[in-house]
Amino acid sequence: MENSKTFSLNDHFLWGGAVAAHQLEGAWNVDGKGISIADVMTQGANGVERKITDGVLDGENYPNHEAIDFYHLYPEDIKLFAEMGFKCFRTSIAWSRIFPQGDEDLPNEAGLKFYDDLFDTCLKYGIKPVITLSHFEMPYHLVQVYGGWRNRKMIGFFTKFARVVFERYKDKVEYWMTFNEINNQTSYDMTFSLFTNSGILAKTGEDPEKLMYQAGHYETVASALAVQIGHQINPNFKIGAMIAMIPIYPASSKPADIFKAEKAMQIRYWFADVQVNGRYPDWLVKYQQNHHFDLDITLADLDVLKSGPVDYLGFSYYMSASVAASESDEPEYGYKENHKFVKNPYLAASDWGWQIDPQGLRYAMNWLNDRYHLPQFIVENGLGAIDQLEDDQTIHDAYRIDYLREHIRQMELAVAYDGINLIGYTPWGCIDLVSAGTGQMDKRYGFIYVDKNDAGHSTLKRYKKDSFYWYKKVIQSNGRDLD
Ligand code: P53
């Protein structure tokens, strides 16, 4: 399929892996770290939601408290990443290590020091840190006292945090992202995602949709300000958006299905529209007026949005979805109507029901390029699966290799034939970690197995899976050898 004339990943292509602080660091209350929103979420299971508790309660199981103890074990883990040949490593900075409560004037030096050491270790191996400022992990104090991102004060707390870490790591980090999967909170069941994205728990009688649009406004303003601050501190910084890219297809070629899919895409991608174009899309201005949301959006905010567009588009890609029109659809195609996904008969799904669609990645890259005309960075992709540690300490994860191979193929086609300017590729959970959605350890993504499971067994020992050796070969050959 591939021929050398059209093969075009350049020599600087950033192969690597991705994680998030709260999902692997553990050490939740060590060296002055404050409680984060991830610290009050219990372990769920496949099909069983995590609970959000009122603070940290005795007798509950909080998987992020220990996670895989990367906080103490990272030198060994980075060494394994280096052995695979990583050029970059995407992680996040736990906001609550730097500002334990979020509203202090001065940062916590021990937290800053941890990331200095972590980034130095990466750089020693020639691995560039790629850093998300906020990955589902704001200080819990900001939820309790200010109500999370429903409050305009959050813009100030976030930009203060951004400024401190930009200053501190300006010579160690070049690639940044502001908010992880900022658009994840557009999902229909907003209880969970409003909390993980925005630290908001809707009160009785409050409209979660309105809260999402208000939080989303403050977050896009904060993101644009962070882009400006970052560029002042180091003009070479590349500061990106980060969206959860789930293309939504029409279930059929029926015009009503096609139009509904278009509306569903508009709803899902308005965050990126604002972060890239520096303005609200027209449909959303109308929608917010029609619904009398009466949001706090000032003219000064709109100027800020204009002056802080992102440098590149980071996105996760795991799956696609589909929608079908129904008789009861309103002409407006409102929020809920667009989130009733139907099964795609052409696609298989993971054990967690995520539809596997490698070609959808190429489709997504084209769609994003046509819409945004920006360099792209695939900062998450992967298969959550149950792995078996054999008696001889091997893990045969052929299903994961198959998943990644097919996605990398499509990604390479998009570069070779569609002209996509792709910066890099960092598969999710390059070492097993705590699932964001379910809080499980048993839902694994890694090239490196961590001996810890949902039933409570844990040695935290690391083992190389078959995919470890495979990915090493992929990187060594710059994506040519995918067998
Ligand atoms: P988990 C939903 C849909 C797509 C991506 O997810 C998502 C989510 C949230 O669960 O999140 C991203 O662990 C996220 C990571 C997360 C990863 O995908 O639920 O950025 O933090 O771990 C995989 O299997």
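## How the spaces are found

On a 1 Å grid over the protein atoms alone, a cavity is a set of points where a 1.4 Å probe fits but cannot get out, while a pocket is an open set with protein on both sides within 12 Å along at least five of seven lines; lining residues have an atom within 4 Å of a point. Grid points are joined across faces, edges and corners, and a volume is the space filled by probe spheres set on the points.

This is a predicted model, in which local features need pLDDT of at least 70 and side-chain atom pairs count only at pLDDT 80 or more, whereas totals for chains, interfaces and linings use all residues. Residues are numbered from 1 along each chain as its sequence is written, and side-chain values use heavy atoms, with hydrogens and water left out.

## The cavities

The structure has 4 cavities of 30 Å³ or more. The largest cavity holds about 80 Å³ of space. Its lining is made of 13 residues, with Ala21, His22, Gly26, Lys33 and Ala94 nearest the centre. Two or more lining residues come from each of α1 (21-24) and α3 (95-98); helices here are DSSP runs of H or I with at least four residues, strands are runs of E with at least two, and both are numbered from the N terminus.

By class, the lining of the largest cavity has 3 nonpolar, 5 polar and 5 charged residues. For these classes, Ala, Val, Leu, Ile, Met, Phe, Trp, Tyr, Cys and Pro are nonpolar, Asp, Glu, Lys and Arg are charged, and the others, Gly among them, are polar.

The second largest cavity has a volume of about 60 Å³. Among the residues lining it are Tyr318, Trp354, Lys443 and Tyr445. Its lining divides into 5 nonpolar, 3 polar and 1 charged.

## The largest pocket

About 1200 Å³ of space lies in the largest pocket. Of its 44 lining residues, Asn184, Ile246, Met319, Trp354 and Gly437 are the closest to the centre. At least two lining residues each come from α7 (190-198), β8 (321-323) and β9 (341-342), and α7 gives the most, with 3 residues. The lining splits into 19 nonpolar, 18 polar and 7 charged residues.

## The ligand

Where does the ligand sit? The space it takes is the largest pocket, where sitting in a pocket requires more than half of a molecule's atoms to lie within 2 Å of the grid points. Around the ligand are 16 residues (each with a heavy atom within 4 Å), and Gln23, Glu380, Ala436, Lys443 and Tyr445 come nearest. This shell has 7 nonpolar, 6 polar and 3 charged residues.

Oxygen atoms of the ligand make polar contacts (pairs of N or O atoms within 3.5 Å) with side chains: the distance is 2.5 Å for Tyr445, 2.8 Å for His135 and 3.1 Å for Ser435. Taken alone, the ligand exposes 480 Å², of which the protein buries 93%, with areas from the Shrake-Rupley method and a 1.4 Å probe.

Definitions and conventions:
A polar contact is a pair of N or O atoms within 3.5 Å; within protein, one must be able to donate a hydrogen and the other to accept it, and residues adjacent in sequence count only if both atoms are side-chain atoms.
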